[in-house]
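Please look over the sequence and the model, then read on.

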Amino acid sequence: MSETPTPTPSTEQLMELIKQLNEQKNEGDGWGKKSPAATQSNIKSVSIPISLETDHGKLRVYLGFDGSVADSPDKLMSLIESLNAKGLPLDLWAAKKNWNKKSGW
Amino acid sequence: MKPIIFDIETLAADDEQLDLEQSFLKPSGNIKDPKKKESNLIEKNATMRKKAALLDSALICVAGIKCDKGIFSFNSLPLGKDEIATLSEIGICCITSKDEKELLSNLSLFINNQYQPETEIVTFNGVNFDLPKSRFRYATHNLPLPEAFDSKVKIVDLMLRYSKHYSMSKVPFVSMGEVATRLGILKDGKIMSGAGFGQLIEDGEYFKAVLYNALDCIITEKIYYRLCR
């Protein structure tokens with residue numbers, strides 16, 4: 001924190017700056033190192049499974065999102081974490097004990 | 001190493017807290033004249049009240065995290081649903097709390113979940129502000145510290161690193177905007193200072209306050225990759 005107040009940028013300027021900086025990838029940012037064209041055009045949609053307890057047993061439901069939510073690892077992880085924070089029961093993968101025969105959810 | 005970028009924003013301490021802090025003020029030891037002692041105390045009191053957001057008793061209202069999972073804003077601000085949705089659209093996940101205690105609890109859960117032996121906490125002026133401030137607020141609420149805030153965990157303070165190893169001027173206090181501009185991360189360093197954050201809160205600009213903190217986290221991460229990788 002610096003102590004000398006300076007003029008505050010507008011909300012729009014802050015949002016634009018965040019957008020610009022998020023587009024600049026750091027070294028070691030996973031798939032962000034690949035060209036934007038290669039990562040942004042291929043993903044058409046993203047489905048995130050949640051697991052609902054019903055009277056008849058567990059039901060897996062897929063929440064559908066536009067492919068743009070996976071433009072970057074940050075954006076995708078942020079979506080997943082926000083669903084988790086809202087209390088949605090994400091259907092998390094866990095290895096079965098007999099994992100060497102068949103893996104499962 | 002696994003960096004977790006950490007940056008907090010604080011509210012100005014209220015009158016009750018300021019009066020308590022005032023009771024701890026002492027005139028400078030080298031002043032003998034009672035009148036000068038009194039005026040020295042008045043001066044110190046005025047300075048303290050001007051920097052009310054930097055006091056130990058000032059409340060944390062936003063704690064920003066940037067890590068490999070994304071950007072997270074733990075805050076106790078009255079944000080609207082639409083504002084939270086807009087923040088989510090630009091990649092900022094908001095975890096809102098009713099007060100500072102709940103904010104710190106949520107932050108602990110998240111940081112402990114992210115913590116690994118190779119974690120390093122990355123801050124800009126965190127050694128002298130963000131970390132001691134946070135530790136004290138955890139202690140005030142009688143809450144256990146997140147594991148990553150323990151003194152044994154590696155803390156990277158980019159302000160100290162810059163002034164010690166990357167600048168010949170050796171000025172100990174340098175703003176994040178200045179460092180980011182010098183490194184070419186920002187075109188100009190006209191980023192609002194932490195001291196002006198209170199004005200945003202006073203004006204009810206909570207959305208902008210979250211943006212500002214998130215921006216600080218993003219820029220801190222950019223500086224980290226320039227100076228530490």
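A residue is called buried here when its relative accessible area is under 20%, exposed when that area is over 50%, and partly exposed in between. The model is a predicted one. By that cut-off, buried residues make up 50% of the 229 residues in chain B.

**Chain B as a whole**

Chain B contains nine helices and six strands. Along the principal axes, its C-alpha atoms fill a box of roughly 60 × 45 × 35 Å. The radius of gyration of chain B is 19 Å, which agrees with the value near 17 Å that a compact globule of 229 residues would have. Counting the contacts in chain B between residues at least 6 apart in sequence, 71% join residues at least 24 apart.

Strand S5 of chain B covers residues 119-123, and five of its five residues are buried, so the strand is largely enclosed by the rest of the structure. In a regular strand the side chains alternate between the two faces of the sheet. In S5(B), B:Thr119, B:Ile121 and B:Thr123 point one way, while B:Glu120 and B:Val122 point the other way. The residues on both sides are buried.

Two strands of chain B that pair with S5(B) can be described in turn. Strand S1 (residues 2-10) of chain B runs parallel to S5(B) and is joined to it by four bridges. Within this pairing, B:Ile5 stands opposite B:Val122 of S5(B). Strand S6 (residues 154-157) of chain B also runs parallel to S5(B), again with four bridges between them. Here B:Glu120 stands opposite B:Lys154 of S6(B). To get from S5(B) to S6(B), the chain passes through helix H5 (residues 126-140) of chain B, and this β-α-β crossover is right-handed.

**B:Thr119 in detail**

B:Thr119 is part of strand S5 of chain B. Its relative accessible area is 2%, so B:Thr119 counts as buried. A polar atom of the B:Thr119 side chain lies 2.8 Å from the backbone nitrogen of B:Gln116. Which residues does B:Thr119 contact, leaving aside its neighbours within four places in sequence? They are B:Met1, B:Lys2, B:Ile4, B:Gln114, B:Val153 and B:Lys154.

**An aromatic cluster in chain B**

Over all chains, the structure holds six aromatic pairs. The rings of B:Phe6 and B:Phe149 form a tilted pair, with their centres 4.9 Å apart and their planes at 50 degrees. This pair links distant parts of the chain, since B:Phe6 lies in strand S1 of chain B and B:Phe149 in the loop between H5 and S6 of chain B, 143 residues apart. B:Phe6 is buried, with a relative accessible area of 1%. B:Phe149 is buried as well, at 0% relative accessibility.

B:Phe149 also pairs with B:Tyr138, and this pair is edge-to-face. B:Tyr138 lies in helix H5 of chain B and B:Phe149 in the loop between H5 and S6 of chain B, so the pair ties together parts that are eleven residues apart in sequence. B:Tyr138 and B:Phe149 are both buried. Together, B:Phe6, B:Tyr138 and B:Phe149 form one aromatic cluster.

The two pairs are set out below.

| Aromatic pair | Distance between centres | Angle between planes | Kind |
|---|---|---|---|
| B:Phe6 and B:Phe149 | 4.9 Å | 50 degrees | tilted |
| B:Tyr138 and B:Phe149 | 6.3 Å | 80 degrees | edge-to-face |

**B:Cys228 in helix H9 of chain B**

B:Cys228 belongs to helix H9 (residues 206-228) of chain B. Is B:Cys228 buried, partly exposed or exposed? With a relative accessible area of 24%, B:Cys228 is partly exposed. B:Cys228 and B:Arg161 are 67 residues apart in sequence, and their C-alpha atoms are 9.1 Å apart in space. Leaving aside neighbours within four places in sequence, B:Cys228 is in contact with B:Val156, B:Leu158 and B:Arg161.

**A hairpin in chain A**

In chain A, strand S1 (residues 45-54) and strand S2 (residues 57-66) pair in the antiparallel sense over ten bridges. The two strands form a hairpin with two residues between them. A:Ile50 has A:Val61 in S2(A) as its bridge partner.

Key
Residues are numbered from 1 along each chain as its sequence is written. Chains are lettered from A and ligands numbered from 1 in the order in which they are written. This is a predicted model: local features need pLDDT of at least 70, side-chain atom pairs count only at pLDDT 80 or more; totals for chains, interfaces and linings use all residues. Side-chain values use heavy atoms; hydrogens and water are left out. Buried means under 20% relative accessible area, exposed over 50%, partly exposed in between (1.4 Å probe, protein chains only). Two strands pair if DSSP finds at least two bridges between them. A crossover is right-handed if, with the strands pointing away from the viewer, the path from the first strand over the helix to the second runs clockwise. A polar contact is a pair of N or O atoms within 3.5 Å; within protein, one must be able to donate a hydrogen and the other to accept it, and residues adjacent in sequence count only if both atoms are side-chain atoms. Contact means heavy atoms within 4.5 Å. Rings of Phe, Tyr and Trp (its six-membered ring) pair if their centres lie within 6.5 Å; planes under 30 degrees apart count as stacked, over 60 as edge-to-face and the rest as tilted. The radius of gyration is taken over C-alpha atoms; the globule rule is 2.2 Å times the number of residues to the power 0.38.
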